[in-house]
Amino acid sequence: MKILVTGANGYLGRGIVSNILNSGIEVIANDVKTDCIDSRAKLVEGNLFEIKNPYEYFEKPDAVLHLAWRDGFIHYSDSHIDDLPKHYTFLKSLAGAGIQQIAVMGSMHEIGFFEGSINENTPCHPATPYGIGKNALRDLTEMLCKQKNIVFQWMRGYYIVSDSPYGNSIFSKIIAAVYEGKKEFPFTLGQNQYDFIEYSAFCKQVAAVIGQKHEQGIINICSGRPEKLADRVERFIKENNYNIKLKYGAFPDRPYDSKAIWGDSSKIEKIIN
């Protein structure tokens, strides 16, 4: 099996590519830069949106794992809407040329404001350009796959915990603050509950999904359980022995953030087990 991974040099792509390679699958890794990607992959630098026939260009892969997406942590960036036609055109080209499996990284922000456990039937009412863009691409990709009888997998990601300073999550920002010698970190009240998943587990789950075809449709990449933001961040600080304290109430909660939201993990558990 040969898989094309787009956005492979990104925060998620690096770990996911290594996990796919560890399972014995051939990887063609694409990004505008490829300096941080596992060298076992075939590295192809370049802007994938400028390639006229990506299926031929990337040596006729059996599957694509489409991770590429700009400004993922800037939820109101115009790029989420501006780039949507480019993502659709790219995937449509692959679908028309004969690819057998299309998997795309989604986000729980497609759901919008919701309280409780999310499964593939949970209605989506996204409240930001990021969520709206992802949600629209999901509908378009599913349509393409139905038309061509292609395996469709939409991996809906949740909140990643990592000790890397290179991400844009609150955990990476805490690490950056520690490196800068700060003793306080401005924080919300931290009472919202989210589905937190370790970076290594996230990458392992994504690699497991793309490595099989039985489980299709929307698949949550998640832990399957909620935890208070304050509790998880305090535990993160303690786990890493950081000398920094949270300054509670410095920021208000974002109005579009749910009070308690987590993924139904039944499908990913079937795949992993």
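Predicted model: local features only at pLDDT ≥ 70, side-chain atom pairs only at ≥ 80, totals over all residues.

Tutor: Residues are numbered from 1 along each chain as its sequence is written, and side-chain values use heavy atoms, with hydrogens and water left out.

Student: How is α4 oriented relative to α5?

Tutor: Helices here are DSSP runs (H or I, at least four residues) and strands are E runs of at least two, numbered from the N terminus. Axes are lines fitted to C-alpha atoms, for helices over the stretch in contact, and angles run from 0 to 180 degrees between N-to-C directions. The axes of α4 (residues 84-97) and α5 (residues 129-148) cross at roughly 15° and come within 10 Å. Angles under 35 degrees count as roughly parallel, over 145 as roughly antiparallel, 65 to 115 as roughly perpendicular and the rest as oblique, so α4 is roughly parallel to α5.

Student: Which residues of α5 meet α4?

Tutor: Contact means heavy atoms within 4.5 Å. On the α4 side you have L84, H87, Y88, L91, K92, A95 and G96. Their partners in α5 are G133, A136, L137, L140, T141, M143, L144 and K148.

Student: Is α1 oblique or roughly parallel to α7?

Tutor: Helix α1 (residues 11-22) and helix α7 (residues 199-210) have axes 8 Å apart. They pack at an angle of about 55°, and that makes α1, relative to α7, oblique.

Student: What is the class make-up of the contact of α1 with α7?

Tutor: From α1 come Y11, L12, R14, G15, I16, N19 and I20, and from α7 Y199, F202, C203, K204, V206, A207 and I210. Ala, Val, Leu, Ile, Met, Phe, Trp, Tyr, Cys and Pro count as nonpolar, Asp, Glu, Lys and Arg as charged, and the others, Gly among them, as polar. The tally is ten nonpolar, two polar and two charged residues.

Student: How many charged residues are in the contact of α6 with α8?

Tutor: The axes of α6 (residues 170-179) and α8 cross at roughly 40° and come within 11 Å. I170, F171, I174 and I175 in α6 meet R232, V233, F236 and I237 in α8. Seven of these residues are nonpolar and none polar, and the charged count is one.

Student: Which elements give two or more residues to the lining of the second largest pocket?

Tutor: On a 1 Å grid over the protein atoms alone, a pocket is an open set with protein on both sides within 12 Å along at least five of seven lines, while a cavity is a set of points where a 1.4 Å probe fits but cannot get out; lining residues have an atom within 4 Å of a point. The second largest pocket is lined by 17 residues, with F196, I197, E198, S223 and R225 nearest its centre. The elements are β11 (196-198), α7, α8 (229-239) and α9 (266-272).

Student: What volume does the largest cavity have?

Tutor: Its lining includes M108, H109, Y159 and D257. Grid points are joined across faces, edges and corners, and a volume is the space filled by probe spheres set on the points. For the largest cavity that comes to about 90 Å³.
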